[in-house]
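Thanks for coming, everyone. Please look at the slide, and I will walk you through some local details.

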Amino acid sequence: MRDFPVPRRSLLLGAAGAAGLTVAGGLPGPASATGARPPLWKVARERGIAFGSSIATWQFDDDYPALFAREAKVLFTEDDLLWYRLKPAPDAPLDFSYADRIIGFAERHRMRVFGAHLVWDEGFGEGWPEDYLWSVDEAEARELLFGTLTATVRRYRGRVDAWSVANEVTSPEGERGFRTDVPWWETIGPSYVAEAFHLAHAADPRALLVINEFGFETVNEWGDEPEPRRRATLQVIDRLLRDGAPVHALGIQAHLLADRFAERFDARAYTRWLDRVADRGLEILITELDVLDDGLPAEVGPRDAAVADVYRRYLDVALGHRAVKVVLTFGLTDRYTWLQEDQPREDGAARRPLPFDEDLQPKPAYRALAHALACAPARHPLWTLPA
C-alpha cells in the first residue's frame, strides 16, 4: 500500500459552519474540529473499519471540503474519473485534470482513494453519440475500454488504493449472471469483465480490485426482489474466480429504500449472503450508502428520524459481519445528493438521505451512523489509516 505524504497546509477557504454551534442531542456542529465529538473516520478506525464518502471537484465550495476532510479518511471519486471527465468525446484525448485535482485533495488530507469506475455502461458525456458504443467493431471497443482503463490505472499507480473495476455488470435476467444489455458485451464479448480485472491488476498489482453492485437489501423502487440479484452476483464472482480474474472484493452500493424497510429487510438472509461472499475469500466494502426517503412523510422531523432508523437497522446487520471492512456514504451532505436530481420526491420536498443537512449540520442519520460504527465488533482492518 502507498505511503502517505507529509501533510501540507490546506488551500481550502472558508469555515465549516458557525463556530461553537450545537445541535439536537448535544453534538457539536461541523465547525468544532477540536470539539467533543471525534470525526466519523476515527470512530470507525477504533473498530477496524475505514470510513469515507464520495465527493467531486464540482462540489468544492467554500465550506463543504473542510467538513469532508474532517469526517472522511477514504475518498470515493464520485465524478472525476468517469468518462465524461476523462474522455468527453470518442476522438478526444484523455483529460486527467479533474482526476488529478480530486486525488491531490485526497493526498493533501492523507486519505485512501477508491477510484470509480473503470468499466461501466454509463458516465458518458453529451459528446458521445447515443448509439456510438454499440456501433463500433471489437478492435475499436477494446482500444476505447481497455486503452482508457490501462492508461488511467497506470497514471495513478500507487496513488489509488482500490478500483471499482466493474460497476453494475450483473443481472438476474442476464447470461450466467452477467448483464447482456451493455455495449461491451455486444462488441467485446462475455470475457470483457475478466479481461478488465486482469488489465487493472497488471497496471497496478497492489491495488484492491472491486466488483461493485446494487440491489441486495430489500425490494427496490422498481419492485425487484434482492435474492435473485444476490444469486446472480455470486454466479458472476464464481465465474470470474474460476477464470483466474483477480477479484479481491465486493462493493455493496447499499442505496437503501426507506419505504417499509423494517418490514422488508431480512437480516438473517442478508447475513447468510454476506457469509457466502466472505467464504469466497472476498473483502466486503459498503461503497455508496444513502437512504431513498420514499414512503416517508415530507415533514422534516419524522422523516429524519425514519431515515436514521434505516441507517441503524441496516448497519447493525452489515457491520455485525467482520468481512465488512469499509463504509462509504454516497456524499455526506444533502446539499449534494444525486437523488435530488435523478429521483426527486413526488411531493416536491427536498431529499434528505445523508448524515449532514444542506447547512452541514449533523442530523439523526449522523448519530445513527456514528453509533453503529462505535458499536460494531472489532475486526482486522483492510487498511492502516494515519492518526
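Let's begin with Trp128. At 7% relative accessibility, Trp128 counts as buried, because buried means under 20% relative accessible area, exposed means over 50%, and partly exposed is in between, with a 1.4 Å probe and protein chains only.

Now the ground rules. This is a predicted model, where local features need pLDDT of at least 70 and side-chain atom pairs count only at pLDDT 80 or more, while totals for chains, interfaces and linings use all residues. Residues are numbered from 1 along each chain as its sequence is written, and side-chain values use heavy atoms, with hydrogens and water left out.

Next, the aromatic rings. A pair of aromatic rings is described by the distance of the centres and the angle of the planes. Rings of Phe, Tyr and Trp (its six-membered ring) pair if their centres lie within 6.5 Å. Planes under 30 degrees apart count as stacked, over 60 as edge-to-face, and the rest as tilted. How many aromatic pairs does this rule give? The count comes to 22 aromatic pairs. One of them joins Trp128 and Tyr132. That pair is edge-to-face, at 5.7 Å centre to centre and 75° between the planes.

Another pair is Phe356 with Tyr366. This one is tilted, with 5.4 Å centre to centre and 50° between the planes. The pair links distant parts of the chain, 10 residues apart. Phe356 is in the loop between α13 (338-342) and α14 (364-375), and Tyr366 is in helix α14. A word on those labels: helices (H or I, at least four residues) and strands (E, at least two) are DSSP runs, numbered from the N terminus. Buried or exposed, what is Phe356? Phe356 counts as buried, at 0% relative accessibility. Tyr366 counts as buried too, at 3%.

There is also an aromatic cluster. Trp58, Phe60, Tyr64, Phe68, Phe105 and Tyr336 form it.

Two members of that list, Tyr64 and Phe68, turn up again among the buried residues of α2. Helix α2 covers residues 64-71. The helix is mostly covered: 7 of its 8 residues are buried. What covers them? The cover includes α1 (40-45), β1 (50-55), β2 (74-77), α4 (97-108) and α14. Contact here means heavy atoms within 4.5 Å.

On to charges over rings. A charge sits over a ring if NZ of Lys or CZ of Arg is within 6 Å of the ring centre and within 35 degrees of the ring normal. Arg85 lies over the face of Tyr98, at 3.8 Å from the ring centre. Arg229 lies over the face of Phe214, at 4.4 Å.

Now Thr148, in helix α6 (residues 138-155). Thr148 counts as buried, at 5% relative accessibility. Which residues does Thr148 contact, leaving aside neighbours within four places in sequence? They are Trp83, Leu86, Lys87, Leu94 and Glu143.

Next, two helices. Two packed helices are described by the angle between their axes and the distance between the axes. Axes are lines fitted to C-alpha atoms, for helices over the stretch in contact, and angles run from 0 to 180 degrees between N-to-C directions. Helix α11 (residues 267-279) packs against helix α12 (residues 300-318) at an angle of about 40°, with axes 10 Å apart. That makes α11 oblique to α12. Under 35 degrees counts as roughly parallel, over 145 as roughly antiparallel, 65 to 115 as roughly perpendicular, and the rest as oblique. Where do they meet? Ala267, Tyr270, Thr271 and Leu274 in α11 meet Tyr314, Val317 and Ala318 in α12.

Leu319 is in the loop between α12 and β10 (324-329). At 1% relative accessibility, Leu319 counts as buried. Beyond four places in sequence, Leu319 touches residues including Ile49, Val324, Ala372 and Leu373.

Last, the backbone. Most residues other than glycine have a negative phi, and most peptide bonds are trans. The bond from Ala116 to His117 is cis, with omega near -15°. His117 is in the loop between β3 (112-115) and α5 (132-135). Arg110, not a glycine, has a positive phi of about 55°. Arg110 is partly exposed, at 23%. Glu168 has a positive phi of about 60°, and counts as buried at 15%.
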